[in-house]
Amino acid sequence: MVHIITTSTIDALRKHIPESRIEPRRFRPNIIIHVPDAEGFIENEWVGKVLTIGGRVQLKILQPTQRCLMTTLAQGDLPKDPNVLKSIVKNNAGSFGVYASVVKNGEIRTGDSIHIH
């Protein structure tokens, strides 16, 4: 399984709990996709679709990533924060990001184009 989140989802959670430090490492994703023109938890719309990255790699989006207590624990300099999970449950039914399976493997590079189909 590959865990994918977007900058849109990170920004959405930051808006819901501005007093919290919402950083990608709190969620341990394999891939972070920069989506500057999107808003909200957009990965939810990708379930059942295929992401093609750089014209080489294909990932089938299987399901939303249901989050657990781990997102609230202190990690390095990130403090313990129970509001993280509470907000994910309240604002996105407990999901943050999506899980995908590898359809076609290959190398992914920063800046690769991404197509959803």
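## Strand pairing and salt bridges in a predicted model

In strand 5, K104 is the bridge partner of Q58. The model is predicted, and in it strand 4 and strand 5 (residues 95-104) run antiparallel and are joined by seven bridges. Strand 4 also pairs with strand 3 (residues 50-53), again in the antiparallel sense, over four bridges, and here V50 stands opposite K60 of strand 4. The hairpin of strand 3 and strand 4 has three residues between the strands, and G54 takes a positive phi near 65 degrees in it.

A search of the whole structure finds seven salt bridges, among them those in the table.

| Side chains | N to O distance |
|---|---|
| R14 and D11 | 3.5 Å |
| R25 and D77 | 2.3 Å |
| E107 and R109 | 3.3 Å |

R25 lies in the loop between helix 1 and strand 2 (31-33), whereas D77 lies in the loop between strand 4 and helix 2, so this pair ties together parts that are 52 residues apart in sequence. R14 and D11, by contrast, are both in helix 1 (residues 7-16), and because they are three residues apart, about one helical turn separates them. E107 is partly exposed, with a relative accessible area of 48%, and R109 is partly exposed at 44%. Salt bridges that share partners join R21, E23, R25 and D77 into one network.

Methods
Residues numbered from 1 in each chain as written. Predicted model: local features only at pLDDT ≥ 70, side-chain atom pairs only at ≥ 80, totals over all residues. Heavy atoms only, no water. Pairing = 2+ DSSP bridges. Helix = DSSP H or I, 4+ residues; strand = E, 2+ residues; numbered from the N terminus. Salt bridge = Lys/Arg side-chain N within 4 Å of Asp/Glu carboxyl O. Buried < 20%, exposed > 50% of the residue type's maximum accessible area, 1.4 Å probe, protein only.
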